[in-house]
Amino acid sequence: MARRYNLWSFYLCLICLVFSLSLVFSNWSVAPPTYILWIFALIAFIFGLFGFEDKTNKWSRVRSIFTFIVSSLLSLILFLGVLRVLFIAEDLFKTTHSPNNNYKIEFYLTNGGAMTSFGVLGKLDGPLWFEKTVYDDYRMDHADVKWINNHTVSINNHILDLEKGETYSD
């Protein structure tokens, strides 16, 4: 049974690591929400603790140590991501569709509390839970959106060609 815990924890840890790296290094967010990744990282950590009993060979010990270290670090980092979602408010205030309804952008007003200014996030919806932040403007509290054609949009006088993958961040 310890061998199964060892293998499951290792595979869960690798899945969480790949999805977490895709949050950082990819334009599109292909990972599930942060709290689900955090739960998977916690499960990998717990299974990793039970998997330490597997001492059948050198690789099982290396797997156990790798899983323990990576899953504990991922649990901590992803927990900070969960806290960010809880404390930095993102309120949906506007949704817009392209003229041919191929693109949908949702605009969120962000507020980090008393010491920060408002900001506007524009997120392009994709399939499943995939999304891409195409517009990020700090010290802004509105979004003037005009569609120029089916794939080009003007947001607060910043022109973005969504077909080319253009984004704006301030």
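Mentor: Happy to, and let us begin with a definition: the radius of gyration is taken over C-alpha atoms, and the globule rule is 2.2 Å times the number of residues to the power 0.38. By that rule a compact globule of 170 residues would have a radius of gyration near 15 Å, but this chain has 21 Å. Its C-alpha trace spans about 65 × 40 × 20 Å along the principal axes.

A word on the source: this is a predicted model, where local features need pLDDT of at least 70, side-chain atom pairs count only at pLDDT 80 or more, and totals for chains, interfaces and linings use all residues. Residues are numbered from 1 along each chain as its sequence is written, and side-chain values use heavy atoms, with hydrogens and water left out.

The chain holds three helices and eight strands; these are DSSP runs numbered from the N terminus, helices being H or I with at least four residues and strands E with at least two.

Now to the sheet: three strands form an open sheet in the order β5-β6-β7, with antiparallel pairing. Two strands pair if DSSP finds at least two bridges between them. The edges are β5 (145-147) and β7 (158-161); each has a single partner strand, so one side of each is left without a neighbour in the sheet. On average, neighbouring strands here are turned by 20 degrees against each other, direction ignored, with axes being lines fitted to C-alpha atoms, for helices over the stretch in contact, and angles running from 0 to 180 degrees between N-to-C directions. Between β5 and β6 (residues 152-155), which run antiparallel, there are three bridges. Within this part, K146 stands opposite S154 in β6.
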